[in-house]
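I keep these entries as I go through the model, element by element, and I write down what I looked up and what I found.

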Amino acid sequence: ALNGHTSEWAHTSWLQLDKAGQVLSVSPLAEAWAGGAVSLIGNHSQVVIDNSILDTITPTPPPAVTPVPQTTVTNNEPLLYYDATDGHYYRVGLEGSQPEQLTQQPDAGHQYPDLVEQSLKDFSPPQVSPNGRYLIQHGGDGQWQLLTVPNQQPAAEGNKALYIALSWAPDSSQFAYIKNWQKLCLFDLATASERCLWESDTKLFGAAWSPNGSLIAVAKDSESNESVCCLGEILLIESETGQARQAESYLGGFEHTVNSIFRWLPDGKTLLIYSHPQGATALYDVDSDMTLHLPGRALSVSPNGRYFYTHEGFLMGDNAQPLHQLLDLNDCPDGLVRRQGVWSPDSSQIGVAMACDGDDGATAEWTLGLFEVQTGKLLWTKILPKTFSLLGWADIENSLLLRHATSGWPLDSSIHLLPAGGTGEPVHLIASALYLDFYPQWLTGAAEN
């Protein structure tokens with residue numbers, strides 16, 4: 001951390017250098033930094049790089065060929081959250097049941113409470129398998145540990161390397177990840193072994209397994225074009241053979257993650273590219289190699305992949321045509337400061353939050369509206385204090401999940417449930433908690449794979 005003010009080191013960035021002292025990359029602290037030891041001299045105008053540590057690194061030994069143990073999932077606890085009091089992950093039901101601890105060790109971000117939320121949501125989110133039987137927890141040095149659900153038994157781990165962007169295969173038999181920034185590797189649960197499929201000549205930012213399991217999309221940094229910031233390529237890697245082909249380009253940011261670059265749609269053949277170099281959002285068809293450009297920037301996509309909610313406040317169809325205007329930006333002459341959108345599981349409704357910039361007073365409020373997707377009809381609205389924000393759909397009689405926070409610290413954050421119809425007041429569920437996700441595979445009656 002090189003800005004020279006020790007009180008601010010937790011908010012600055014790390015430089016990654018090679019043995020010659022040349023800068024390879026600049027990374028936020030939330031991304032694990034894998035370089036040599038850094039010490040500051042005098043007035044911080046010089047940096048000494050001790051690269052002797054690099055020469056002592058030994059290759060990761062292959063894991064023992066022992067199948068990962070199977071487990072039986074106890075359901076009806078679909079909400080996963082991070083407890084800010086102890087740093088562990090828990091899951092809980094929405095009827096006020098006793099939370100169930102899922103981790104043996106606290107999350108590494110527990111040491112940095114002001115950064116843990118960004119780490120958990122953007123850079124090192126926990127990964128639950130599609131069948132709900134396994135949870136992957138990230139370590140502080142870019143490592144991972146595979147735990148069984150719900151009995152917290154360590155099943156496998158990755159160490160002595162940097163692992164990012166973990167993504168499960170649809171059948172829960174494997175998961176993919178980026179290893180040391182440039183290798184796309186798979187971990188197989190049946191053999192508890194790693195197989196690296198493909199290696200890039202530049203930095204990789206993420207990987208995402210297609211819903212049909214045949215392809216893994218990766219975001220690749222384009223270092224050849226220095227005239228455009230954060231320009232990159234999306235490549236498709238065959239999960240069986242490792243064969244790679246270029247798909248499309250993307251325009252990222254200084255701290256982009258795979259979830260902010262692209263995502264697969266449920267049809268298994270379409271990639272949603274949030275920011276295309278030609279502007280706005282694009283849909284890329286892997287079968288036809290054709291790209292459809294949307295007239296706006298997608299903020300979220302419906303569960304069935306047919307509708308998009310845009311930054312401009314429009315509801316849009318998959319034919320790139322606007323369907324309904326849900327928010328009128330003219331209502332906020334100074335701009336929007338909040339424009340969230342969450343979808344019902346069947347994609348028939350969308351909850352939209354709006355708050356205008358400049359409403360910072362102690363009594364400031366924001367508006368939550370529930371819309372019918374097909375018609376654009378406004379079903380109901382509710383005014384909430386600015387201390388609440390929209391998290392997601394609770395999948396229980398059209399109830400919504402809200403966050404209440406009085407500051408930016410996780411200890412001051414709590415999760416609430418807003419009953420269907422928006423007529424009641426938010427019901428407190430969990431204190432000192434960061435919402436991570438809602439997993440239908442943990443609901444009673446969910447099919448086990």
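**Entry 1, the model.** I note at the start that this is a predicted model, and I read every value below as computed from it.

**Entry 2, a four-stranded sheet.** I looked up the strand order and found an open sheet of four strands, β16-β17-β18-β19, with antiparallel pairing. Its edges are β16, residues 204-209, and β19, residues 244-251, each of which pairs on one side only. On average, and with direction ignored, neighbouring strands in this sheet are turned by 25° against each other. I then followed the contact between β16 and β17 (residues 215-221), which is antiparallel and made of five bridges, and there Trp209 stands opposite Ile216 of β17.

I took Ile237 as a case to follow in detail: leaving out residues up to four places away in sequence, Ile237 touches Leu184, Leu197, Trp198, Ser214, Leu215, Ile216, Val218, Gly242, Gln243 and Ala244.

**Entry 4, β6 and its two partners.** Strand β6, residues 89-92, points Tyr89 and Arg91 one way and Tyr90 and Val92 the other, and I noted that all of these are buried. Four bridges connect β6 to β5 (residues 79-83) in antiparallel fashion, with Tyr81 and Tyr90 as bridge partners. Between these two strands the hairpin has five residues, and Gly87 in this hairpin takes a positive phi near 85°. β6 also pairs with β7 (residues 100-101), again in the antiparallel sense and over two bridges; here Tyr90 has Gln101 as its bridge partner.

I found a cis peptide bond from Val149 to Pro150, with omega near 10°, and Pro150 sits in the loop between β10 (144-148) and β11 (154-158). I also looked up positive phi in residues other than glycine, and noted Trp181, with phi near 75°, in the loop between β13 and β14. Is Trp181 buried or exposed? With a relative accessible area of 9%, Trp181 counts as buried, because that value is under 20%. Ser347 likewise has a positive phi, near 65°, and lies in the loop between β29 (341-343) and β30 (349-356); its relative accessible area is 4%, and Ser347 is buried.

How many disulfides does the structure hold? I found one, joining Cys185 to Cys196 with an S to S distance of 2.1 Å. The link is right-handed, with 85° about the S-S bond. Cys185 is in strand β14 and Cys196 in strand β15, eleven residues apart.

Notes:
Residues are numbered from 1 along each chain as its sequence is written. This is a predicted model: local features need pLDDT of at least 70, side-chain atom pairs count only at pLDDT 80 or more; totals for chains, interfaces and linings use all residues. Side-chain values use heavy atoms; hydrogens and water are left out. Two strands pair if DSSP finds at least two bridges between them. Axes are lines fitted to C-alpha atoms, for helices over the stretch in contact, and angles run from 0 to 180 degrees between N-to-C directions. Contact means heavy atoms within 4.5 Å. Buried means under 20% relative accessible area, exposed over 50%, partly exposed in between (1.4 Å probe, protein chains only). A disulfide is a pair of cysteine sulfur atoms within 2.5 Å.
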